[in-house]
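Welcome! Have a look at the sequence and the 3D structure below, and then we will go through some of its features together.

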Amino acid sequence: DDKMRAERSSADHPLGKVLFDEKGFLREYIYKLKDEDRLYDIFQTFQLSSQDIERITRAAKPLFDLRRVRPGHQITMRFTDKKELEYFQYDISYESGVVVEKVGEKFESKILTVPFTEENQVFSGVIENNLYSTADDIGMDYALVGQLAEIFAYDISFNKELRKGDSFKILVKARTYKNGIRKFGKILAAQFTNRSQLYEAYHFDNGNQAGGYYNQKGQSLRK
C-alpha cells in the first residue's frame, strides 16, 4: 500500500542515504564525504565502469577537478531504472556545485548556483556575562559580533569597557539558501548602549567605494 511504498522509498545505507522508486529501483544517493573517502571508490560501489568514471571526471574538469573533493562536502547521484548514472552533483560550497549529467551517450557539466532568499533580520540583546555568550543566547552569528565591535571600535573598548546591562540592536541582511544554510551580510544599522550612553551607526554605500558607518548626525565613525 501507499504507506509501505513511502517507507520503502527512503533508507539508510552504510555510505549515506538512498532513495528508491515505487518499483524498488535505486533512484538517488546522497552522501556527505568523510576524511578517508575516495570518489573513485564510491563510484565503484555503485558499479560504475572505469570508463564512465573517467568520462565523468573529464567532463567536470573544465569547471572543477573532482580529484580535489573535500571531506564534509555533499555528493548527489541519480540513476535510471537500468541502474545507470544519469546525474552527479558535488557541492563545491554552500553557494554552488558542479553537475555532470548524461545527455545521450555523453556526459556534460555545468555549475549549479544554489537558490536563496534574502530578508532583513534584527538581533537585540542585553549583556549578562560577555558579548559572545549573549550572541549565543539569541542565535547571533559570531561574525556579526566581530562586525559590531569593529563598527564602534573608536567609541567603545570592547575588551575593557563593556558592563553587565549594556545592550545592542542590529539590522542585518540575511540570506537563506535552499540547502538550509543561512549566511549574514554586512550590518546595515546598529545601536549600542554602553554605560548608559547610546551609540548609533548607519551604513552608507556611495556606489563606487566600500562605504562606511556614520552616526545620526552624518559623521563618520572612523576617527
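The model is predicted, so to speak of local features we need pLDDT of at least 70, and side-chain atom pairs count only at pLDDT 80 or more, while totals for chains, interfaces and linings use all residues. Residues are numbered from 1 along each chain as its sequence is written, and side-chain values use heavy atoms, leaving out hydrogens and water. Helices (H or I, at least four residues) and strands (E, at least two) are DSSP runs, numbered from the N terminus.

**Helix α5**

- In helix α5, residues 142-151, the buried residues are L144, V145, L148 and I151.
- These buried residues line one face of the helix, because they fall within an arc of 125 degrees when you look down the axis of α5; the arc is that of the directions from the helix axis to the C-beta atoms.
- What do the buried residues of α5 pack against? Their partners are α4 (131-138) and the strands β8 (116-126), β9 (167-177), β10 (182-194), β11 (197-204) and β12 (212-214), where contact means heavy atoms within 4.5 Å.
- The N-terminal end of α5 is capped by D141, with a side-chain oxygen 2.7 Å from the backbone nitrogen of A143.

**Aromatic rings**

- Rings of Phe, Tyr and Trp (its six-membered ring) pair if their centres lie within 6.5 Å; planes under 30 degrees apart are stacked, over 60 edge-to-face, and the rest tilted.
- By this rule there are 13 aromatic pairs.
- One of them is the tilted pair of Y29 and F46, at 4.5 Å centre to centre with 50 degrees between the planes.
- Y29 belongs to strand β3 and F46 to the loop between α2 and α3, 17 residues apart, and both are buried.
- F43 and F88 make an edge-to-face pair, at 5.3 Å and 65 degrees, linking helix α2 with strand β5 across 45 residues.

**Charges over rings**

- A charge sits over a ring if NZ of Lys or CZ of Arg is within 6 Å of the ring centre and within 35 degrees of the ring normal.
- R78 lies over the face of Y87, 4.2 Å from the ring centre, and the charged end of R175 sits over F116 at 3.9 Å.

**Positive phi values**

- K83, which is not a glycine, has a positive phi near 65 degrees, and its place is the loop between β4 and β5.
- S196 also is not a glycine and has a positive phi of about 75 degrees; S196 is in the loop between β10 and β11.

Notes. Buried < 20%, exposed > 50% of the residue type's maximum accessible area, 1.4 Å probe, protein only. Polar contact = N/O pair within 3.5 Å; in protein donor to acceptor, adjacent residues only side chain to side chain.
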